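I opened this notebook page to record what I looked up in one chain, taking single residues before the wider picture.

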Amino acid sequence: KILDAGGGIGRISIPLAKKGYKVFLLDISKTALNFAKQQAKKQGVLNRIEFIEGDVCNLKFKSNYFDLVIALRDVINYSLDSRKAANELMRVLKQDCYLIASVSNKTFWLTKVERWDYSLEKIKSLLATKSMLLESELKELFKGLKIEKVVGNGYCSGNIEEKYLNEDFLEIENIVGDDQELKFTCEYLVLVGKKHGWKSYFGWN
């Protein structure tokens, strides 16, 4: 069972369902979920996805329930309490299983003031509504996990106009995102962590 927290219109859930996985798509937006349902039906995977309207800060699942938890893009950034959101995501993850989560990279955003036309009011508004984190803050948020790596994502989308983007830039994305110094130029930081369990305790995996 996979939790796609803040999965919106199903960009991740639907491909996973097509590969045969059972996916729980959770989002706070009923409009996004309805659209995801339509797309899932068109692609023949409606029966493999559970669509759940809910808040990532208050997950209605029992503890140690999912084999994989995914929380990508802005679900944590826009949650009312990023600490509570992180704790809930870790709580519902099974022991010895993986969580993949991303947050907006504070270093990237604070050096991109031209995105807001150098408007102080726009910058204040974004900082007030969107939680942006440094790598150290992201690791602190998920300190309950064994953190295996933190990479960058969104270098091209964050720095190059969309009309110029194509598949040729994927290699650049991977090179920059994996580089320990260059990853801070990426729009998002992506954390991969494993929940400690009895197997990990005994060093069996």
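I began with Asn64, which is partly exposed, with a relative accessible area of 35%. The model is a predicted one, and I read every value below with that in mind. Asn64 sits in the loop between S3 and strand S4 (66-71), and its phi is near 55°, a positive value in a residue that is not glycine.

I then turned to Arg73, another residue other than glycine with a positive phi, here near 65°. Arg73 belongs to the loop between S4 and helix H3 (82-91), and it is partly exposed, its relative accessible area being 41%.

Arg73 came up again when I looked at the largest pocket, where Gly6, Leu72, Arg73, Asp74 and Val75 are the lining residues that lie nearest the centre. The lining has 27 residues in total, and I noted a volume of about 690 Å³ for this pocket. Sorted by class, the lining of the largest pocket comprises 14 nonpolar, seven polar and six charged residues. I also checked which strands contribute, and found that S1 (2-5), S2 (23-27), S5 (93-105) and S8 (188-195) each supply at least two residues of the lining.

Next I examined helix H2, which runs over residues 30-42 and has 13 residues. From its first C-alpha to its last, H2 reaches 19 Å, close to the 18 Å expected at 1.5 Å a residue. Which residues of H2 are buried? I found Ala32, Leu33, Ala36, Gln39 and Ala40. They lie on the same side of H2, because they cover an arc of only 125° around the axis. The face of H2 turned away from that buried side carries the exposed residues Lys30, Thr31, Lys41 and Lys42. I looked for what covers the buried residues of H2, and the cover includes helix H1 (13-18), S2 and strand S3 (49-53). After H2 comes Gly44, with a positive phi near 75°.

Last, I stepped back to the chain as a whole, which has nine helices and eight strands. Of its 205 residues, 42% count as buried. Among contacts between residues at least 6 apart in sequence, 75% join residues at least 24 apart.

Terms used. Residues numbered from 1 in each chain as written. Predicted model: local features only at pLDDT ≥ 70, side-chain atom pairs only at ≥ 80, totals over all residues. Heavy atoms only, no water. 1 Å grid on protein atoms, 1.4 Å probe; cavity = no way out; pocket = protein on both sides within 12 Å on 5 of 7 lines; lining within 4 Å. Points joined across faces, edges and corners; volume = space filled by probe spheres on them. Helix = DSSP H or I, 4+ residues; strand = E, 2+ residues; numbered from the N terminus. Nonpolar A, V, L, I, M, F, W, Y, C, P; charged D, E, K, R; others polar. Expected span 1.5 Å × (residues − 1). Buried < 20%, exposed > 50% of the residue type's maximum accessible area, 1.4 Å probe, protein only. Arc of directions from axis to C-beta. Contact = heavy atoms within 4.5 Å.
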